[in-house]
Amino acid sequence: MVPGSALHRQSGRRGLTWLPNRRTITAVATDTGDDLTPVLQALAEPTRLGVVQLLSSGPRRAGELADAFDMPAPTMSKHLRVLLRAGVVADERPRDDARARVFRIRPESVVGLRAWLDQLQALWDEQLRSFKRHVEGER
């Protein structure tokens, strides 16, 4: 097999041919790029995913997040630090209380993830159309 290529049936022929410039679903699925790895790792943990879901309704203070998940503040702080490093959330300090931190989602953090998922979806759609043509052609 040629890495990064796909096996496709040529129209009008029974033989199969390699198209070296086409990416396979497996190649796209496993090649998330260096920039997506921290985001995917951060969202893989259920508590952090829950934090992101909660923040989708609006910004919240770190203490509110800890209370919502019934966990100590230092534990929530560790989860928030992972989300911050991955670029999934941002924090701000209110002018009236410099000790408090308010967290919000960074919508731009999922742009690369969405593009990767769209590319994966397009490849699956192409594969399913090809399979449908193959099945309908052999009846």
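The model is predicted, so local features need pLDDT of at least 70 and side-chain atom pairs count only at pLDDT 80 or more, while totals for chains, interfaces and linings use all residues. Residues are numbered from 1 along each chain as its sequence is written, and side-chain values use heavy atoms, with hydrogens and water left out.

The secondary structure comprises six helices and five strands; helices (H or I, at least four residues) and strands (E, at least two) are DSSP runs, numbered from the N terminus. Read from the N terminus, their order is β-β-α-α-α-β-α-α-β-β-α. Of the 139 residues, 28% are buried, a term that means under 20% relative accessible area, with exposed set at over 50% and partly exposed in between (1.4 Å probe, protein chains only). A contact is defined by heavy atoms within 4.5 Å. Among contacts with a separation of 6 or more, 44% join residues 24 or more positions apart.

Next comes the interior. In soluble globular proteins, nonpolar side chains tend to be buried together. A nonpolar core is a set of buried Ala, Val, Leu, Ile, Met, Phe, Trp, Tyr and Cys residues joined through side-chain atoms within 4.5 Å. The largest such core here has 16 residues, and those with the most contacts inside it are Val-51, Leu-65, Met-76, Leu-80, Leu-83 and Val-88. Two or more residues each come from α2 (37-43), α3 (46-55), α4 (62-68) and α5 (73-86), with α5 giving the largest share, four residues. Leaving aside residues up to four places away in sequence, Leu-65 touches Val-51, Leu-54, Leu-55, Arg-60, Met-76, Leu-80 and Phe-103.

Helix α3 deserves a look of its own. Its buried residues are Thr-47, Arg-48, Gly-50, Val-51, Val-52 and Leu-55, and they pack against α2, β3 (60-61), α4, α5, β4 (89-92) and β5 (102-105). Thr-47 has a relative accessible area of 17%, which is why Thr-47 counts as buried. Beyond residues up to four places away in sequence, Thr-47 touches Phe-69, Met-71 and His-79. The N-terminal end of α3 is capped by Glu-45, with a side-chain oxygen 2.7 Å from the backbone nitrogen of Thr-47.

Finally, the strands. Two strands pair if DSSP finds at least two bridges between them. β3 and β5 pair in the antiparallel sense over two bridges, and Arg-60 stands opposite Phe-103 in β5. β4 and β5 are also antiparallel, pairing over four bridges, and Ala-90 stands opposite Arg-104 in β5.

Definitions and conventions:
Polar contact = N/O pair within 3.5 Å; in protein donor to acceptor, adjacent residues only side chain to side chain.
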